[in-house]
Amino acid sequence: MDDSSTDDDSASQTTEDDPQIPENQPPPMPAPAPIPPPAPQTSAVPREKPHYGLRHTLRGHTMSISAVKFSPDGKLLASCGAEKVVKIWSPETGEFLRNLTGHTQGLSDIAWSSDSVHLASASDDTTIRIWDVESGLTQKTLKGHSKWVFCLNYNTASNLLVSGGCDGDVRIWNAARGRCMKTLHAHLDYVTAVHFNRDATLIVSCALDGLIRIWNTSDGQCLKTLAEGHDAICQHVQFSPNSKYILSTAHDNAIRLWDYQTTRCLKTYTGHSNSKYCISACFSVTGGKWIVAGSEDHKTYIWDLQTREIVQVLEGHQDVVVAVATHPSQNMIATGSIDSDLSIRIWADRGPRA
């Protein structure tokens with residue numbers, strides 16, 4: 001965990017300089033004839049591309065999938081959607097293991113505790129359930145949101161849970177007791193994503209009001225507000241693995257990497273299609289440093305985090321890919337789709353590794 005974070009540190013420290021590199025390089029390169037050949041070779045060594053291929057197609061969902069999440073130990077994959085159940089799978093074999101049943105309406109999100117023992121689920125029935133995954137039993141039912149619960153996440157220590165609802169509120173919960181510790185009247189519209197930073201001192205949230213907000217966990221104060229712009233309604237946001245940056249997806253077909261301390265957008269990733277659905281993006285740090293996201297053109301896109309180049313496109317789903325997740329230790333990606341597809345696909349990198 002620390003190793004990948006350190007790698008991400010060193011990779012991310014060049015983030016602010018990178019935007020100048022493409023502008024400075026082209027003029028000198030065409031002029032001298034001997035120089036161009038070595039330049040691509042040296043840059044090609046660290047810029048190895050991913051080689052993901054389909055490993056499993058998981059079928060069983062009967063209504064649109066909303067989230068897929070690998071357990072932190074990498075042994076299980078959880079998925080949820082509009083049909084009230086959480087499904088647990090083996091990512092290694094593609095085998096369906098069990099349903100977690102109890103919610104009375106559809107689910108929008110799921111989150112694993114760090115020990116991979118518990119899973120939390122966010123439902124339109126206005127509750128959050130904390131499950132013992134092995135037994136399939138509900139351990140706690142968290143009540144407090146007045147409308148549908150749309151998103152949630154544990155902190156690293158898994159003693160806290162943060163959730164966002166369609167009432168505009170962000171709630172911080174004591175996970176062991178199942179009690180709401182704090183309610184933040186955070187946004188004026190659906191809260192579509194919430195995430196703790198690495199030491200749980202900060203929470204980032206975003207909503208359909210177009211705002212990304214950073215909160216102090218201990219006192220609930222809003223520390224920063226980032227505005228995506230009129231045509232860029234943000235629907236997913238998270239801290240980078242090293243917690244120095246924020247990744248956001250928006251309805252203007254763009255994914256952005258922010259330095260939230262300066263409120264500056266450092267990188268923009270484009271090429272996919274996203275103008276209607278809540279589509280998640282995530283970091284991949286097990287091999288190269290990639291950004292992975294679904295798309296409304298039924299594909300999954302992988303970008304080089306530093307160069308912003310699309311390095312691979314995964315094709316196979318028959319409908320919008322709304323859910324993506326990356327495996328904690330292997331070069332593996334899970335993707336989930338809606339309506340006319342309803343499958344989960346597990347992709348593994350078969351290619352050469354340095």
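1. **Basis.** This is a predicted model: local features need pLDDT of at least 70, side-chain atom pairs count only at pLDDT 80 or more, and totals for chains, interfaces and linings use all residues. Residues are numbered from 1 along each chain as its sequence is written, and side-chain values use heavy atoms, with hydrogens and water left out.

2. **Aromatic pairs.** Rings of Phe, Tyr and Trp (its six-membered ring) pair if their centres lie within 6.5 Å; planes under 30 degrees apart are stacked, over 60 edge-to-face, and the rest tilted. The count is six aromatic pairs. One of them is edge-to-face, because the rings of Trp-148 and Tyr-190 have centres 5.9 Å apart and planes at 70°. This pair links distant parts of the chain, 42 residues apart. Trp-148 lies in the loop between strand 9 (137-143) and strand 10 (149-154). Tyr-190 lies in the loop between strand 13 (179-185) and strand 14 (191-196). Strands here are DSSP runs (E, at least two residues), numbered from the N terminus.

3. **Exposure around that pair.** Buried means under 20% relative accessible area, exposed over 50%, and partly exposed in between (1.4 Å probe, protein chains only). Trp-148 has 36% relative accessibility, so it is partly exposed. Tyr-190 is partly exposed too, because its value is 29%. Ring pairs also bring in Phe-150: Trp-148, Phe-150 and Tyr-190 form a cluster.

4. **A stacked pair.** The rings of Tyr-301 and Trp-303 have centres 5.9 Å apart and planes at 25°, so this pair is stacked. Both Tyr-301 and Trp-303 are buried.

5. **Nonpolar core.** A nonpolar core is a set of buried Ala, Val, Leu, Ile, Met, Phe, Trp, Tyr and Cys residues joined through side-chain atoms within 4.5 Å. The largest has 16 residues. Those with the most contacts inside it are Leu-58, Val-68, Phe-70, Leu-77, Val-322 and Ile-344. Strand 2 (65-70), strand 26 (321-326), strand 27 (332-337) and strand 28 (344-349) each supply at least two of its residues. Contact means heavy atoms within 4.5 Å. Beyond four places in sequence, Phe-70 touches residues including Leu-77, Trp-112, Ala-325 and Ile-333.

6. **Thr-225.** Thr-225 sits in strand 17 (residues 222-227). Its relative accessible area is 38%, so Thr-225 is partly exposed. Setting aside neighbours within four places in sequence, Thr-225 contacts Leu-211, Ile-212 and Arg-213. The C-alpha atoms of Thr-225 and Tyr-260 are 8.9 Å apart.

Terms used:
Helices (H or I, at least four residues) and strands (E, at least two) are DSSP runs, numbered from the N terminus.
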